[in-house]
Amino acid sequence: MDASIATSSPGAGSATPLVSARQICQSYDKGAAGSLVVLDKADVELRPAEIVGLLGRSGSGKSTLLRAIAGLIQPSSGTVAFQGRPVTGPTSGIAVVFQSFALFPWLTVLENVELGLEAQGVAPAERRKRALAAIDLIGLDGFESAYPKELSGGMRQRVGLARALVVHPKVLLMDEPFSALDVLTAETLRTDLLDLWCEGRMPIEAILMVTHNIEEAVLMCDRILIFGSNPGRVIAELRVDLPQPRNRLDPAFRTLVEDIYARMTARAGAPARDGLFPGTGIAMSLPRVSTNLMAGLIEAIAAEPYKGAADLPPLAAQLHHEIDDLFPVAETLQLLRFADLEGGDIRLTAPGLRFADGNVDERKRLFAQQLSTYVPLAAHIRRVLDERSSHKAPAGRFRDELEDHMSEDYAATTLKAVTNWARYAEYFAYDESADLFTLENPS
Amino acid sequence: MVFLSNSQARPSTLAALARDRLLPNIYDLVAFALLAALAVVTLHAAAAMHAPLSGLTTAPVTLDPALLPEYALRTTMRMFAAIIASLIFTFVVATLAAKSRRAELVIIPALDILQSVPVLGFLTFTVTFFMGLFPGSQLGAECASIFAIFTSQAWNMAFSFYQSLRTVPRDLDEVSRSFGLSSWQRFWRLEAPFAMPGLVWNTMMSMSGGWFFVVASEAITVGDTTVQLPGLGSWLALAIQNQDFAAVAWAVLAMAVVIALYDQLLFRPIVAWADKFRFEQTAGQQRPRSWVYALARRTRLFKRLMTPFAWLGSRVLLMRLRRPASMAAKAAPEASKLLDYAWLGLIMALGAWAAWTAVAYVGQSLSWSDAWDPLARGVVTLLRVIVLIALASIIWVPLGVWIGLRPAVAERVQPVAQFLAAFPANVLFPFAVVAIVSTGASPNIWLSPLMVLGTQWYILFNVIAGASAFPTDLREAAAVYQLRSWSWWRRVMLPGIFPYYVTGALTASGGSWNASIVAEIASWGDTKLEAYGLGSYIAKATEAGDFPRVVLGIAVMSLFVTLFNRTLWRPLYVLAERRMRLD
């Protein structure tokens with residue numbers, strides 16, 4: 001149990017949940033081709049006096065779930081209830097803190113904080129009093145009349161917090177609140193927030209936070225829901241029973257972090273490479289990962305001290321990458337069979353090792369080979385270009401094909417990713433002004 | 001701006017004065033005087049607008065310099081009335097277009113076309129209409145004039161506002177919704193502020209264009225009806241009729257003073273104020289300054305005067321006109337689609353009916369062969385516009401770049417260029433006409449430059465802005481690799497300023513089409529000069545009260561402008577956006 005958390009509320013578990021989200025699904029209709037599922041039957045319960053973390057990569061639907069709970073979007077199916085009543089729109093008992101801070105640049109700190117009260121129709125004098133109290137609590141005194149653009153990122157997020165707290169919400173939702181901040185600032189803010197929470201000085205009863213930072217989740221949360229991708233869903237739930245304040249160097253802490261890494265790289269059942277990215281065949285939705293990053297990661301794994309196989313947490317730490325940055329690169333390597341990802345480890349395959357040793361031309365040749373074999377879309381485009389006597393094909397055609405299977409944004413990203421990889425591998429060329437794929441590279 | 005901008009008084013003395021809490025400070029006195037004067041002047045001018053129409057014949061416009069301030073005031077008031085109307089139009093129509101998909105289907109194409117319609121052509125109909133609306137009162141003629149200015153201003157403002165509303169940042173939208181701001185609060189807290197910088201800029205552009213039309217619309221002859229509203233435009237018309245050179249000079253002077261004052265007292269402060277609405281999270285390096293704004297912010301009296309308004313504002317913002325839409329309503333898609341088709345059908349039927357009515361009306365007195373004349377004239381005017389814009393570009397692009405790369409020079413020249421763009425060129429026409437008459441030059445050639453006289457400045461100040469914003473590192477890179485002369489222009493500078501140039505040239509060309517109605521036909525006393533073109537066609541038809549020909553002329557000009565924009569400017573714009581944005 002969370003013995004360290006001293007709040008007035010009774011212990012977790014015994015009380016009725018503040019928020020319960022049941023079987024939340026979110027999908028985007030793609031007409032005849034069916035629908036793109038971004039979140040599949042997610043269940044979350046938030047009980048008094050707990051901090052719950054939604055941990056996962058981008059595209060795992062965790063922000064979608066948060067927005068559904070906040071009443072900002074209506075999920076395709078499933079129900080959200082706040083204190084037993086269904087949520088059909090933004091509710092006054094739930095406040096949201098945003099990754100981008102979402103401050104109004106034309107309002108001062110004080111006015112920004114007062115905004116929520118203004119919406120509730122609170123009279124100006126009362127509004128001011130409460131706003132000043134929140135500003136005081138969150139450590140913003142002296143900045144009341146400053147405009148957001150005069151503040152540093154950390155101070156801006158403090159405004160975001162004060163603005164959320166001033167309306168006295170029961171539940172605080174935080175969407176990657178610290179990910180836009182530098183490491184030191186983020187740590188300070190986390191600590192301050194945890195102090196306020198542990199001392200019971202905030203009017204809130206529970207916090208639900210979305211994060212892609214494993215250590216942050218272990219540091220702050222009492223429960224962590226781990227999200228898998230394609231489609232986004234909850235793949236595991238962990239309790240963190242370490243007492244607050246937690247120490248990152250504590251062996252128990254490290255074990256938990258390792259465990260989560262392993263869970264996030266393991267894929268339940270299914271052959272290793274299916275379901276890596278959403279969709280199958282040419283309709284696979286691909287992330288935009290630069291070939292430089294791929295080469296860099298391959299080199300890092302091939303070099304000392306890893307010599308071809310690396311444990312992800314220390315690798316991430318060494319490269320100063322968070323999982324959100326590292327995983328897409330690692331997974332793209334896996335897609336191209338340059339590496340294997342299993343149980344929190346990444347291991348270079350034979351082509352991967354050859355790539356690491358190769359010179360520029362060999363690397364390109366190797367890359368083209370893997371691209372043609374393992375990325376159906378690239379092979380498809382190349383085949384069309386080969387078949388045509390002009391060796392030219394409008395990119396719009398492939399974009400349309402993709403849009404039958406995925407949203408416009410994903411289609412554009414996927415096509416851009418393949419274009420960049422193919423350009424690097426000199427597999428085919430692309431003329432941007434004409435929006436045309438060709439086989440001719442300028443000589 | 002031009003004359004008074006650097007009157008930044010010594011801050012130490014100011015601070016000392018501000019510390020004295022009991023006595024009103026010197027800024028209070030100045031501010032109070034300004035406010036009082038403004039109130040008196042507004043009331044006076046507003047009262048005069050209601051005067052009976054007969055007043056115009058008993059007290060006609062006379063060329064007495066003592067009356068000039070009064071005339072200038074009346075002209076300015078018309079401008080204000082029009083800009084207020086434009087703002088209301090903008091808030092209502094653009095908001096409607098942004099919020100309702102069906103309204104959007106109609107409003108946006110309509111605005112697009114209206115932007116290209118020659119405003120002065122409208123006068124013929126609006127004068128008749130408004131005079132009928134307020135028989136026997138000057139208000140009718142006033143309304144016609146105000147409406148003419150309005151039609152030159154409203155469309156681009158509405159467009160800018162609409163675009164801002166459509167691009168409200170997602171996170172701010174989510175904050176507003178999660179706090180449950182009502183639509184009313186959302187509009188004033190989120191949408192209007194977000195749209196403010198674009199709106200202020202467009203309003204300024206509109207006002208600059210507006211001076212031209214206020215001058216052109218005060219003294220109008222439609223068939224047998226001649227109205228001369230007291231104002232600078234009528235003064236100018238009379239001066240031309242009487243061949244009074246000194247009076248023309250007076251008008252130029254009065255116009256210059258009015259625009260300078262107006263810029264200093266109104267627009268600089270607004271621009272300085274609107275700076276805080278710029279949606280940037282980082283502090284800009286150079287913030288717009290205004291001595292009036294600084295004055296207003298320093299005065300205690302001003303603050304005290306504003307307190308009730310601020311209080312009222314905060315109360316008004318507490319109003320909840322409507323419960324916030326909880327979530328995007330999910331109407332049955334089939335039913336909604338069916339409604340869409342019905343709506344589209346209705347619109348098309350209406351459009352067809354309108355087109356048929358117009359054709360039938362014109363067809364009563366004109367046959368198809370009559371259409372060739374305006375078409376041929378349109379080609380000539382098109383040629384003029386192209387040649388003149390090209391000439392203006394050749395002159396102003398190098399000059400603008402030269403100025404823009406020298407911040408010290410740019411700081412002084414930029415306000416002058418903006419001032420010149422606002423200055424109504426038609427005030428200067430008499431000088432050109434006199435020159436042409438006395439030298440016997442061909443009006444077909446020499447009247448043409450008048451079309452770009454007022455609009456060329458848009459090219460200049462946009463190019464200056466572009467060159468000033470050109471990144472230093474790129475300039476340094478060009479210097480390091482020793483790019484010189486032509487390759488420097490072709491590879492470095494021209495692409496760098498291209499987006500700005502396109503904006504300027506687009507505005508200039510649109511303005512030139514409009515100006516052709518006034519510029520292709522000019523007179524000095526009894527001497528009349530006419531250039532063969534579409535502008536003179538419309539002008540003559542208006543004077544003769546030949547409505548069918550006016551309709552035909554306007555339709556043809558709208559067609560030319562629209563096609564010209566679609567085939568030349570829009571592709572260039574897209575190219576500039578895609579390739580040459582430097583941010």
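This report describes selected features of chains A and B in a predicted model.

**Two sheets of chain A**

Chain A contains an open sheet of three strands in the order β11-β13-β12, with antiparallel pairing. Its edges are formed by β11 (309-311) and β12 (339-342) of chain A; each has a single partner strand, so one side of each is left without a neighbour in the sheet. From one strand to the next, the twist averages 15 degrees. The antiparallel pairing of β11(A) with strand β13 (residues 345-348) of chain A extends over three bridges. Within this pairing, A310(A) is placed opposite I346(A) of β13(A). Helix α9 (residues 312-319) of chain A packs on the sheet and touches β11 and β13 of chain A. The direction of this helix makes about 85 degrees with that of β11(A).

Another open sheet of three strands in chain A has the order β14-β16-β15, again with antiparallel pairing. Here the edge strands are β14 and β15 (429-431) of chain A, each of which pairs on one side only. Neighbouring strands of this sheet are turned against each other by 25 degrees on average, with direction ignored. β15(A) and strand β16 (residues 436-438) of chain A run antiparallel and are joined by three bridges. In that pairing, D431(A) has L436(A) of β16(A) as its bridge partner. Helix α14 (residues 395-403) of chain A lies across β14, β15 and β16 of chain A, and runs at about 50 degrees to β14(A).

**Backbone features in loops**

Chain A has a cis peptide bond from Q244(A) to P245(A), with omega near -5 degrees. P245(A) belongs to the loop between β10 (233-239) and α7 (251-265) of chain A.

Two residues other than glycine have a positive phi: H391(A) and Q243(B). The table sets out their values and places.

| Residue | Phi | Loop | Other C-beta atoms within 10 Å |
|---|---|---|---|
| Q243(B) | about 50 degrees | between α10 (232-241) and α11 (245-274) of chain B | 15 |

**Chain B and its domains**

The secondary structure of chain B consists of 24 helices and four strands. Of its 583 residues, 39% count as buried. Among contacts in chain B between residues at least 6 apart in sequence, 80% join residues at least 24 apart.

The domain assignment divides chain B into domain 1 (1-325), domain 2 (335-364) and domain 3 (366-583). Where domains 1 and 3 of chain B meet, 34 residues of domain 1 are in contact with 35 residues of domain 3. On the side of domain 1 of chain B that touches domain 3 of chain B, at least two residues each come from α5 (101-116), α6 (119-133), α9 (183-218), β1 (219-222), α10 and α11 of chain B. The residues of that side of domain 1 of chain B comprise 22 nonpolar, 10 polar and two charged.

Terms used
Residues are numbered from 1 along each chain as its sequence is written. Chains are lettered from A and ligands numbered from 1 in the order in which they are written. This is a predicted model: local features need pLDDT of at least 70, side-chain atom pairs count only at pLDDT 80 or more; totals for chains, interfaces and linings use all residues. Two strands pair if DSSP finds at least two bridges between them. Axes are lines fitted to C-alpha atoms, for helices over the stretch in contact, and angles run from 0 to 180 degrees between N-to-C directions. Two residues are in contact if their C-beta atoms, placed from the backbone, lie within 7 Å. A residue is buried if 20 or more other C-beta atoms lie within 10 Å of its own, exposed if 12 or fewer, and partly exposed in between; C-beta atoms are placed from the backbone. Domain bounds come from an automatic or database domain assignment. Ala, Val, Leu, Ile, Met, Phe, Trp, Tyr, Cys and Pro count as nonpolar, Asp, Glu, Lys and Arg as charged, and the others, Gly among them, as polar.
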